[in-house]
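The report below takes up model confidence, one residue of interest and the contact between two chains. Please read it alongside the sequence and the coordinates.

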Amino acid sequence: MKKICLVVVGIYIHLFAAFSQTPDSVNYKTRKLKIDEINFVSSYYHQDGNNSAVTGGIGIESLHDYANILEVKLSKYDKYKYKHEWDANIGIDYYTSASSDNIDPNTVSSPSHEDVRFYPSLTHTITNEKKGLSVGLTGSYSIESDYQSRGIAANFSTTSHDKSREFSAKAQAYLDEVRIILPVELRTATTGGLYGAPNEHDYPWLHRNSYSSSFTLSQIVNQRFQMMVLFDLVYQEGFLSLPFHRIYFKDNSETTEHLPSTRFKIPIGVRANYFLGDQFIIRAYYRYYQDDWGLVAHTADIETPIKITPFFSISPFYRFYTQKGIRYFAPYREHLESDEYYSSNYDLSSFNSHFFGVGFRTMPPKGVLGIPQITMFELRYGHYITTNTLYADVITLNVRFK
Amino acid sequence: MILKNSRTPIVIIATIIAFYSCAPVREYQKSRLNDGEMELSSRQVQKTEQNFQSYREGASGANGGKTGGGCGCN
């Protein structure tokens, strides 16, 4: 684990060495640290359905999530004329989940009934604009009551001389831990959470690590058309189930979800944007996904921003998603005790989903409502439905300050 | 494994053709490409949507966002 982190840092240092040169004393110009932009993003998400994995694939899935993210982007030039950029993010989610409350329905509030997730991250990028090269390093952390994550990533990108093509690569590792909170009726003196026992809240933690490499190649095709190819390789190992997902076998005996301890994922995506006439833009995206649990998925997304004025646009969008579920999924009371792996999590079953909605975006040159510090305002609403009864609504606001 | 899927080679071939049919575009010709709506990366408001989709769907990645890990999602 430590070796991989050291490799990521090593790659960063090695790439940084490519920037080495002597100070430019002739054209030296001091540049102070400045705030490029501040983004405030706030969203509200609500879902409901009848296939909660907490109750074995049946039962309500009601969930409310309030997310707030503050992003600050800073930059400065150093004496070598390299551009240094810092992107600091702080996110806080507050959510309530009726299905999670069924982990322990005897209590007023079980551990995941309501929760707060806190997730800061910091990215430092150094760019040699003359050579079109940049390297960056990201550190991230995330914590909630039953999950914590430490992430590190190094990225590199290079741009062609005419700035029409860009290639970027990123190596990333998440070192996560899952708190093993079992459904109340399955707890014993050794699992933690058994009432009256000395280890009432002494739930154990198990690791879940994710390693990925991401590659993107973007290309300007002509004055109206540009596209990007995205390719990821992802390997996960450790405890990949969730401990409070119940399984009911055919004979009505009960246990918890059990999935393989490794997973290898390959998603490939293509994004293409086309400016049609003077007012219409077509943003299209397609992704193919496959993993070694047998899950195969296709995602197709189209968004058509209409520029009502040069500074105000309306963007209707539609996304279609289809997946063939993992080979370890079966609905409520359809697994056999002899099965090696089992899950009744409908997120991993076969289904189609539709996501559609509209966004409004304004970027007036004199600032939103005449306030020059507010440079952009965006509001977006989407409705999500799946063929396995789940539906959701999400509304997101983004205000940009400068 | 992936190439066995019938649609994947078509997408790859179409992408290669598009990349090789590029015309040089000078800086002063990029007014449309530089429009905020033409950004190839996902915007902030889309990232929150990608976040809930990574929980509710089995697939993730290849969209400039999360590829797995960092949260209790799939």
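## Confidence in chain A

Chain A averages a pLDDT of 89, and 88% of its residues score at least 70, where pLDDT is the predictor's confidence in each residue, from 0 to 100. Among the elements of chain A, the lowest mean pLDDT, 53, belongs to helix α1 (residues 2-17) of chain A, and the highest, 98, to strand β17 (residues 351-362) of chain A; helices (H or I, at least four residues) and strands (E, at least two) are DSSP runs, numbered from the N terminus. Where pLDDT is low, the predicted coordinates should not be read in detail.

This is a predicted model, in which local features need pLDDT of at least 70 and side-chain atom pairs count only at pLDDT 80 or more, while totals for chains, interfaces and linings use all residues. Residues are numbered from 1 along each chain as its sequence is written, and chains are lettered from A and ligands numbered from 1 in the order in which they are written.

## Residue A:Q290

A:Q290 belongs to strand β13 (residues 280-291) of chain A. A:Q290 counts as buried because 21 other C-beta atoms lie within 10 Å (buried: 20 or more other C-beta atoms within 10 Å of a residue's own; exposed: 12 or fewer; partly exposed: in between; C-beta atoms are placed from the backbone).

## Chain B and its contact with chain A

Chain B has two helices and zero strands, and 41% of its 74 residues count as buried. The contact takes 43 residues from chain B and 70 residues from chain A, two residues being in contact if their C-beta atoms, placed from the backbone, lie within 7 Å. On the side of chain B that touches chain A, α2(B) gives the most, with seven residues.
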